[in-house]
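Reader: I am new to this structure and would like to learn how its features are read, one after another. Could you take me through them?

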Protein chains: 2
Amino acid sequence: MLMSKMASTVDTSNSSGLELHNKDKRMTIATTGMFPTRAAIDGDRLWRSLMDLAEIGGTPKGGCNRQALTDLDRQGRELLTRWCKAEGLTVRFDAIGNLFARRAGRNDTADPVVIGSHIDTQPTGGKYDGCFGVLAALEVIRTLNVNGIETERPIELVSWTNEEGCRFAPCMMGSGVFAGQLTLEDALSRTDVDGISAGDALKAIGYMGDDANRPGRFAAYLEAHIEQGPILEDTGDTIGVVTGALGLKWFDVTITGMAAHSGSTPMHLRRNALLGATQVVDAVNRIALTYQPDGRGTVGALQLLPNSRNVIPGQVTLSVDFRHSESDVLETIVGEFRKTLDTIATETGLAIEITPTADYPPQHFDTDCIAAVRQGAQANGYAHRDIVSGAGHDAVFIGDIAPTAMIFIPCEKGISHNESEYATPEDVAAGANVLLHATLNLSGAKA
Amino acid sequence: MLMSKMASTVDTSNSSGLELHNKDKRMTIATTGMFPTRAAIDGDRLWRSLMDLAEIGGTPKGGCNRQALTDLDRQGRELLTRWCKAEGLTVRFDAIGNLFARRAGRNDTADPVVIGSHIDTQPTGGKYDGCFGVLAALEVIRTLNVNGIETERPIELVSWTNEEGCRFAPCMMGSGVFAGQLTLEDALSRTDVDGISAGDALKAIGYMGDDANRPGRFAAYLEAHIEQGPILEDTGDTIGVVTGALGLKWFDVTITGMAAHSGSTPMHLRRNALLGATQVVDAVNRIALTYQPDGRGTVGALQLLPNSRNVIPGQVTLSVDFRHSESDVLETIVGEFRKTLDTIATETGLAIEITPTADYPPQHFDTDCIAAVRQGAQANGYAHRDIVSGAGHDAVFIGDIAPTAMIFIPCEKGISHNESEYATPEDVAAGANVLLHATLNLSGAKA
């Protein structure tokens with residue numbers, strides 16, 4: 001392991017009077033140099049905490065069903081709060097229920113380094129998605145405490161409310177409210193299938209706090225997470241240095257022909273909407289393939305009308321999901337796609353309509369935060385590679401308002417949102433060690 | 001119009017001791033020569049009856065919802081029975097509720113010529129499907145009565161129970177029981193969505209009769225019907241001389257890959273079941289196109305799993321419907337299809353399973369009955385063409401046990417099983433005139 005000194009850069013033009021939630025006023029964070037490299041997290045302790053938390057909502061198949069704002073979420077928050085308090089942290093909640101647990105810095109008025117993720121799960125979720133990031137942050141703090149390490153900046157552990165968005169849409173609700181992506185009022189008014197509002201559910205579990213409890217501006221935000229994809233397993237890397245997140249553009253496409261009897265309608269008199277749809281599906285795939293390695297194109301949902309065995313499909317509705325790391329390439333992809341739809345409509349005589357349904361620009365994480373993560377992997381001798389997140393994370397919203405990066409570890413076969421989700425104890429420990437080193441780097445540690 | 005004399009042929013090897021329901025013991029019917037060509041049906045009378053019957057279950061959009069074994073079916077049967085009795089016919093019902101209404105022949109022990117169809121409709125059905133065939137048969141009898149025409153053979157009007165199979169599956173239930181395709185017990189035990197059995201429903205409407213009421217062996221069975229397809233409209237013909245029905249083979253195909261996140265899974269690590277499914281859909285279409293004009297290939301139903309916008313489809317299930325007029329070609333089509341599935345599975349690495357779900361051989365109607373229909377069209381100077389039925393009809397089952405043919409008339413845009421189903425009064429009259437002439441031809445009329 002090497003001692004390391006990060007380049008200290010402050011964008012002085014933006015170094016004062018900044019407001020949170022203002023994307024254009026990012027500050028390039030200052031790193032404060034020396035930090036101890038001998039400290040290492042306790043992998044067994046971290047693993048035990050992961051397994052203990054997973055018991056709350058644990059499923060017979062070894063997964064976890066602890067959806068946001070349920071009583072199980074309350075139990076999870078209680079356990080996490082108890083653990084944080086045991087480490088001497090100051091625990092608070094904001095109005096949407098995000099948990100902040102503060103470890104004082106030597107310069108306690110300095111902007112904190114914030115580390116964490118979320119502890120809510122999918123209905124058939126696993127033990128690692130989100131929980132790994134929160135408990136890795138807790139393990140970093142436990143390690144600092146055990147080793148008597150002080151940091152210049154305060155450290156805030158964060159657990160964002162309702163990242164999964166299962167019971168209450170949208171997903172990434174807590175970080176979304178925090179980053180100004182949706183208003184508190186909007187979020188609290190969202191209802192579940194029984195008509196209960198998120199606000200009432202949050203009050204019912206006793207975790208509606210006050211926005212005065214929020215930390216101010218973040219010096220940095222770091223989130224460790226399982227990859228939820230197959231790349232690291234495929235390449236044999238332990239650590240993904242996450243440089244950003246793919247932008248996405250979603251569409252609904254409707255292809256209309258004419259429903260007719262499959263027996264009495266000869267082939268040459270048909271207007272089969274499904275034959276147009278297969279061309280659209282193939283085009284989505286083909287266009288994405290021409291923009292590798294970051295291009296993604298998926299038709300995930302598709303419905304036929306009337307969807308009857310002996311009726312020629314009269315209409316097909318399908319979803320299109322395009323993603324890329326660069327805005328201009330994403331625009332090019334969509335332009336090609338629209339042109340291809342025109343060609344298909346002309347050649348088949350089918351009517352094709354396209355409606356945009358979602359549009360998120362690519363996220364480029366902070367250079368210094370990325371460098372701190374990469375350096376943490378190098379310092380520990382972990383095989384690592386730069387990677388772009390294809391999925392949404394709280395960090396993608398926080399990246400709009402604060403210097404941000406993420407740390408990925410492999411998950412088995414890339415499977416997530418599934419009870420069989422799995423990460424090895426070794427990779428879990430490695431991810432936490434990288435988080436420790438990057439946190440020390442960015443917070444200015446003193447042993 | 002020409003006087004015409006049909007060749008009289010009796011297959012003497014099968015001319016006695018035949019049993020109904022025995023496909024291999026068909027009798028080539030004897031035609032008895034001269035019949036009057038001046039008689040013509042009354043198009044206005046027929047049209048009024050069609051419109052009157054359509055009021056029972058008539059829908060605001062101009063269609064008809066008179067499902068089998070409902071109280072509306074009872075009302076329809078009552079009206080039809082009244083009309084039949086007004087013509088002096090002897091009306092009986094068999095155990096599955098098929099209506100037979102007999103007009104005596106000069107040789108009343110001779111096998112009857114049977115004409116008709118069904119009067120039950122789809123839930124959003126039209127006025128013509130089935131009802132046209134029954135009321136054309138009634139109009140034939142009215143015309144004979146008005147013109148004082150005697151026939152050598154008796155004539156039986158038939159209205160088959162539950163051709164549509166909407167409330168009680170399967171379709172073509174009454175003719176299926178009559179032809180031995182399913183047992184009476186099986187048919188009566190079928191239940192609707194509320195658990196009511198077909199037997200109880202038939203009793204409740206008061207139309208469960210006795211199989212002793214059935215006519216014996218049919219000399220011929222003729223069914224007039226709207227085409228339910230677009231061919232006659234496309235070619236500008238008034239009459240379709242139906243030479244048989246396409247055989248069909250149905251399959252369920254399941255294509256299995258691996259569900260995964262559409263953002264975090266790069267293109268080269270995907271196992272996208274939908275990309276296999278598009279190849280299957282295209283193959284079904286391409287193979288059917290190589291066996292024109294009678295080949296049909298359709299994927300009518302298709303489901304994705306999990307069918308979520310941001311998940312790569314892990315599994316696709318789809319239905320395949322192949323049809324052709326010749327058994328050996330149908331076998332060839334299916335052989336090619338199975339081979340293509342193997343190729344797709346090998347090339348894509350996806351698992352593909354195929355399960356047969358239905359198999360009906362092609363039906364070839366009786367040469368003499370077909371000739372009688374063709375001659376009826378010629379005698380009236382109607383533009384006509386030979387056509388193979390792509391849809392199922394009571395005649396397809398009856399064709400297994402008796403000399404059978406059908407008469408098609410055009411329906412607008414080929415649309416059927418739809419409230420907008422429409423046939424012109426002129427075509428309706430033309431179809432009934434062909435039925436009149438073919439019936440006279442086959443029954444041995446004397447003016």
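Reader: How many helices and strands does chain A have?

Author: In this predicted model, chain A has 12 helices and 18 strands.

Reader: What does the radius of gyration say about chain A?

Author: The idea is to set the value beside the one that a compact globule with the given number of residues would have; for 447 residues that would be near 22 Å, and chain A, with 24 Å, agrees with it. Along its principal axes, the C-alpha trace of chain A spans about 80 × 45 × 40 Å.

Reader: At which angle do the axes of helix H10 and helix H12 of chain A cross?

Author: H10 of chain A covers residues 367–379 and H12 of chain A covers residues 425–443; their axes come within 8 Å and cross at roughly 130°. Because angles over 145 degrees count as roughly antiparallel and those from 65 to 115 as roughly perpendicular, H10(A) is oblique to H12(A). The crossing of H10(A) and H12(A) is right-handed.

Reader: Which residues make this contact?

Author: From H10(A) come Cys369(A), Ala372(A), Val373(A), Gln375(A), Gly376(A), Ala377(A) and Ala379(A), while H12(A) brings Val434(A), His437(A), Ala438(A), Asn441(A) and Leu442(A). Sorted by class, the contact of H10(A) with H12(A) has eight nonpolar residues, four polar ones and no charged ones.

Reader: How many residues does the contact take from chain B and from chain A?

Author: The size of an interface is often given as the accessible area lost when the parts come together. Here we can count residues instead: the contact takes 50 from chain B and 50 from chain A. On the side of chain B that touches chain A, the elements that each supply at least two residues include helix H7 (231–235), strand E8 (247–256) and strand E13 (315–324). H8(B) gives the most to that side, with eight residues. By class, the side of chain B that touches chain A has 23 nonpolar, 20 polar and seven charged residues.

Reader: Which rotation superposes chain B on chain A?

Author: One looks for the rotation, and any shift along its axis, that brings one copy onto the other; for chain B on chain A the rotation is 180° with 0.1 Å of shift, and the RMSD is 0.0 Å. The two copies are therefore related as by a two-fold rotation axis. In chain B, the C-alpha nearest this axis belongs to Thr278(B), 2.5 Å from the axis. The same surface serves both copies, since 100% of the contact residues of chain B recur in chain A.

Definitions and conventions:
Residues are numbered from 1 along each chain as its sequence is written. Chains are lettered from A and ligands numbered from 1 in the order in which they are written. This is a predicted model: local features need pLDDT of at least 70, side-chain atom pairs count only at pLDDT 80 or more; totals for chains, interfaces and linings use all residues. Copies are superposed by least squares on the C-alpha atoms of residues with pLDDT of at least 70 in both. Two residues are in contact if their C-beta atoms, placed from the backbone, lie within 7 Å. Axes are lines fitted to C-alpha atoms, for helices over the stretch in contact, and angles run from 0 to 180 degrees between N-to-C directions. Helices (H or I, at least four residues) and strands (E, at least two) are DSSP runs, numbered from the N terminus. Angles under 35 degrees count as roughly parallel, over 145 as roughly antiparallel, 65 to 115 as roughly perpendicular and the rest as oblique. A crossing is left-handed if the near helix is turned anticlockwise from the far one by less than a right angle, and right-handed if clockwise. Ala, Val, Leu, Ile, Met, Phe, Trp, Tyr, Cys and Pro count as nonpolar, Asp, Glu, Lys and Arg as charged, and the others, Gly among them, as polar. The radius of gyration is taken over C-alpha atoms; the globule rule is 2.2 Å times the number of residues to the power 0.38.
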